[in-house]
Amino acid sequence: AKAAGRGTYRQFEPEMGAQLQAHQQMKLALRRALDRRELELYYQPLVSLRSKKVSGCEALVRWRNPERGMVAPENFIPIAEETGLIVPIGEWVLKEACREAAAWPASVSIAVNLSPIQFRDKKLVKAVAAAIAASGIDPARLQLEITESVLLDESDHNLELLQELRNLGVKIAMDDFGTGYSSLGYLRSFPFDKIKVDRAFIRDLPSGKESLAILKAVAGLGHSLGITTTVEGVETEGQLETVNAEGFDEAQGYLFAQPLPASEITILIAAGLI
Ligand code: C2E
Ligand code: CA
Ligand code: CA
Ligand code: CA
């Protein structure tokens with residue numbers, strides 16, 4: 001602000017200053033969120049299209065702050081990534097998700113999202129192993145969801161880490177498939193266990209011709225590579241019928257259930273209601 005001169009400083013101060021301050025306050029509040037136990041996990045079921053039963057649940061983090069109310073992940077995950085707080089937050093998510101999954105039937109897997117920033121943490125593999133050990137779950141029930149950006153930067157290093165994670169016995173899923181630049185290419189560099197097609201391709205079903213053609217191709221690809229195929233964002237019966245007809249293995253979306261607190265998801269699973 002000094003070098004920019006007085007005029008520029010004045011222009012900068014009122015709006016940008018306030019925004020920066022809000023951002024700083026958000027960082028501070030997020031820094032305290034873990035200690036203050038303000039983070040919660042919600043779980044959204046994934047349904048097997050063959051058996052119609054719950055095959056797994058995805059853990060989705062929420063931040064319940066006394067002043068801000070319920071903060072959606074899209075509003076704080078980027079700040080957690082920017083500050084590095086995603087590392088302790090991500091470790092907590094892993095521990096908590098595995099702990100809660102231990103109470104579910106062994107046929108129900110637990111999916112946890114991993115940020116690319118977590119791959120810069122030297123202790124990532126240890127943290128995953130520790131979460132599995134502490135909960136006592138079969139490692140094969142844990143599915144780590146990553147986006148292709150993990151392979152985009154420092155790809156060799158991250159590829160090795162993915163292999164180490166896989167050696168723990170966990171499954172690796174490519175999330176938001178189709179939204180990046182090279183989703184297909186990355187299927188060649190790492191043997192993913194699961195493809196989760198982004199909900200952008202589900203939104204305009206059953207009428208969307210382009211989406212349908214792409215989904216057809218992905219289902220075929222999954223089958224020939226032996227990769228489980230999942231769709232997210234299924235909201236209508238028409239969308240479900242379409243992905244079912246294309247031979248997808250699994251679906252997730254508001255049609256089945258929204259993300260729910262652990263207490264509610266446990267009841268739904270036990271009652272066989274979803
Ligand atoms: P995602 O991994 O793609 O998760 C799916 C998102 O779609 C969730 O939003 C979920 O609530 C939402 N969703 C599920 N079914 C439907 C549907 O039928 N229609 C629509 N319109 N949306 C649906 P959510 O919970 O707000 O999470 C947003 C993103 O935040 C996640 O996207 C993920 O990238 C990130 N995130 C959430 N929890 C974590 C976490 O623990 N760690 C990390 N690194 N990222 C997380
Ligand atoms: Ca996900
Ligand atoms: Ca996704
Ligand atoms: Ca997404």
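Visitor: Where in the chain is the place of R37?
Guide: R37 sits in the loop between α1 (5-33) and β1 (39-48). Those labels are DSSP runs numbered from the N terminus: helices are H or I with at least four residues, strands are E with at least two. The model is predicted, so local features need pLDDT of at least 70 and side-chain atom pairs 80 or more, while totals for chains, interfaces and linings use all residues. Residues are numbered from 1 along each chain as written, chains are lettered from A and ligands numbered from 1 in written order, and side-chain values use heavy atoms, without hydrogens or water.

Visitor: Why does R37 count as exposed?
Guide: R37 has 75% relative accessibility. Exposed means over 50% relative accessible area, buried under 20%, and partly exposed in between (1.4 Å probe, protein chains only), so R37 is exposed.

Visitor: What makes the phi of R37 worth a remark?
Guide: Its value is about 55°, positive although R37 is not a glycine. Most residues other than glycine have a negative phi. D176 also has a positive phi, near 55°, and is not a glycine. D176 is placed in strand β6, and with a relative accessible area of 25% D176 is partly exposed.

Visitor: Which peptide bond is cis?
Guide: The one from L205 to P206, with omega near 5°. P206 is in the loop between β7 and α8 (209-225).

Visitor: How do you know which residues coordinate the calcium ion (ligand 2)?
Guide: E58 (OE), N113 (OD1), E145 (OE) and D175 (OD) coordinate this ion at 2.1 to 2.3 Å. Donors are N, O and S atoms within 2.8 Å of the metal, or 3.2 Å for Na, K and Ca, so these distances qualify; water is not among the atoms, and sites may look incomplete. The donor spacing in sequence is E-x54-N-x31-E-x29-D.

Visitor: Which residue coordinates both the calcium ion (ligand 2) and the calcium ion (ligand 3)?
Guide: D175 does, and the two ions are 3.9 Å apart.

Visitor: Why is strand β6 called mostly covered?
Guide: Five of the seven residues in strand β6 (residues 171-177) are buried.

Visitor: How do you know that β5 and β6 pair?
Guide: Four bridges join these two parallel strands. Pairing asks for at least two DSSP bridges, so β5 and β6 qualify. Q143 stands opposite K171 in β6. Three bridges also join β6 to strand β7 (residues 194-197), again in parallel, and M174 has I195 of β7 as its bridge partner.

Visitor: How do the residues of the lining of the largest pocket divide by class?
Guide: They comprise 16 nonpolar, 11 polar and 11 charged residues. Nonpolar covers Ala, Val, Leu, Ile, Met, Phe, Trp, Tyr, Cys and Pro; charged covers Asp, Glu, Lys and Arg; the others, Gly among them, are polar. A pocket is an open set of points on a 1 Å grid over the protein atoms alone, where a 1.4 Å probe fits, with protein on both sides within 12 Å along at least five of seven lines; lining residues have an atom within 4 Å of a point. Of the 38 lining residues, E58, L60, P73, N113 and D175 lie nearest the centre.
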